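Here are a few notes on the model you asked me to look over. Have it open while you read.

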Amino acid sequence: MSTMPLYLDYAATTPVDPRVAEVMARHLTLEGTFANPASRSHMSGWLAEQVVETGRRQVSDLIGADPREIVWTSGATEADNLALIGYMRAHRARGRHLITSSIEHKAVLDSAAALEQEGFEVTYLAPCANGTVSPETLREAMRPETILVSLMAVNNELGSINDLQALGTIAAEHGAAFHVDAAQAAGRIELDMSRMPIDMLSLSAHKAYGPKGIGALYVRRGTRIEALIHGGGHERGMRSGTLPTHQIAGMGQAFSLAHEEQASDNAHLEMLGQRFRDGLSRLEGTWINAEGGAHVPNIINAGFEGVDGEGLIMALRGLAVSTGSACNSASVDPSYVLTGIGMPRERALASIRFSFGRFSRIEEIDQALESLSNALESLRTRQSA
Ligand SMILES: *Cc1c(COP(=O)(O)O)cnc(C)c1O
């Protein structure tokens, strides 16, 4: 009999909350609200449209936005593409310069690279060692032709939190729009579009106990973007395609729970995070990456002297954890996020990301620490033998 590993990879994806799964199941079958929400000629279509609009309100409520500012997408990847490419193309006559950072998610970095192919210019800011972009660095990079700044709220490998207020204010002072990838931030930190200087915000359901395959882009009223996906003109022309009623109901329910339970979720995560940090500090030759700035409690990136992360993950077979490194056929490349904050290659390769969430228990943190302690001892003994 095989048992599933202990799940400590919540930053990669979260399990769907059972309360969300239950709502989703009501929108699939003949007895449920399965109809096409764009069907205007019958009651079934109207009911499905109501489900979509309820979801839209639940998502907008979490971020202090108006429901009409929410554009459904397939996830944060598509939202990032739509924000960067859709905005730069729509405003190319005003300027061709985009600013982002070198440790953004690939959805942003690869969109920026695609824009460079189209003739746009991109500046990739170097973050501080604590994983945040300093407002001063952004200010120095702003140019008259800068029309968009894209920086993430919470880094998915480090858990570091950017000062969105300060960064967005600088973008606005220079007449540039500000896009924020908030995939890891929803339900963790305050996101209030009614008072924050943010023009576009990418969201994903599956990082917040909703289903994979659904997300949204918040687009502040009056912000013009070009569609990337053309079709029936859904979502006020910004994103065509039949809306997935069950996915939207799931994301809405997940974000509504995130709203109600943000305080208790975060208190639980703080407690687990502290326990894990205390445990790590008792293990020899261990350090925590990107310390010193604001941080979410549930993502801890730690390094282990004298071992390589991939080897340690192999030895930790009972734990579902990850490194940010990419395996090529010939070699292993360290995480671009860790090298991006200035870590030497060998320290980056000795690092692992641990992330936990709503369903993690204190016994699991203790068990993870115990497994780590055993794995480190056996790896280091083997090496010194
Ligand atoms: C997971 C993640 C994404 C991608 O979101 P999907 O919904 O899986 O497309 C983008 N940005 C960040 C920071 C993420 O953590």
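1. A word on terms before the details: a residue is called buried when its relative accessible area is under 20%. Keep in mind too that this is a predicted model.

2. I'd start with strand 8, residues 215-219, which is mostly covered, with five of its five residues buried. Which residues point one way from strand 8, and which the other way? G215, L217 and V219 go one way, A216 and Y218 go the other, and all are buried.

3. Now for the strands that pair with strand 8. Strand 2 (residues 70-73) pairs with strand 8 in the antiparallel sense, over four bridges. To find your way there, look for V71, whose bridge partner in strand 8 is L217.

4. Strand 7 (residues 200-204) also runs antiparallel to strand 8, and five bridges join the two. Here L201 has Y218 as its bridge partner in strand 8.

5. Follow the chain into the loop between strand 7 and strand 8 and you'll come to Y209. Its phi is near 70°, a positive value in a residue other than glycine. Is Y209 buried or exposed? Y209 counts as buried because its relative accessibility is 4%, and the cut-off for that is under 20%.

Key. Residues numbered from 1 in each chain as written. Predicted model: local features only at pLDDT ≥ 70, side-chain atom pairs only at ≥ 80, totals over all residues. Heavy atoms only, no water. Buried < 20%, exposed > 50% of the residue type's maximum accessible area, 1.4 Å probe, protein only. Pairing = 2+ DSSP bridges.
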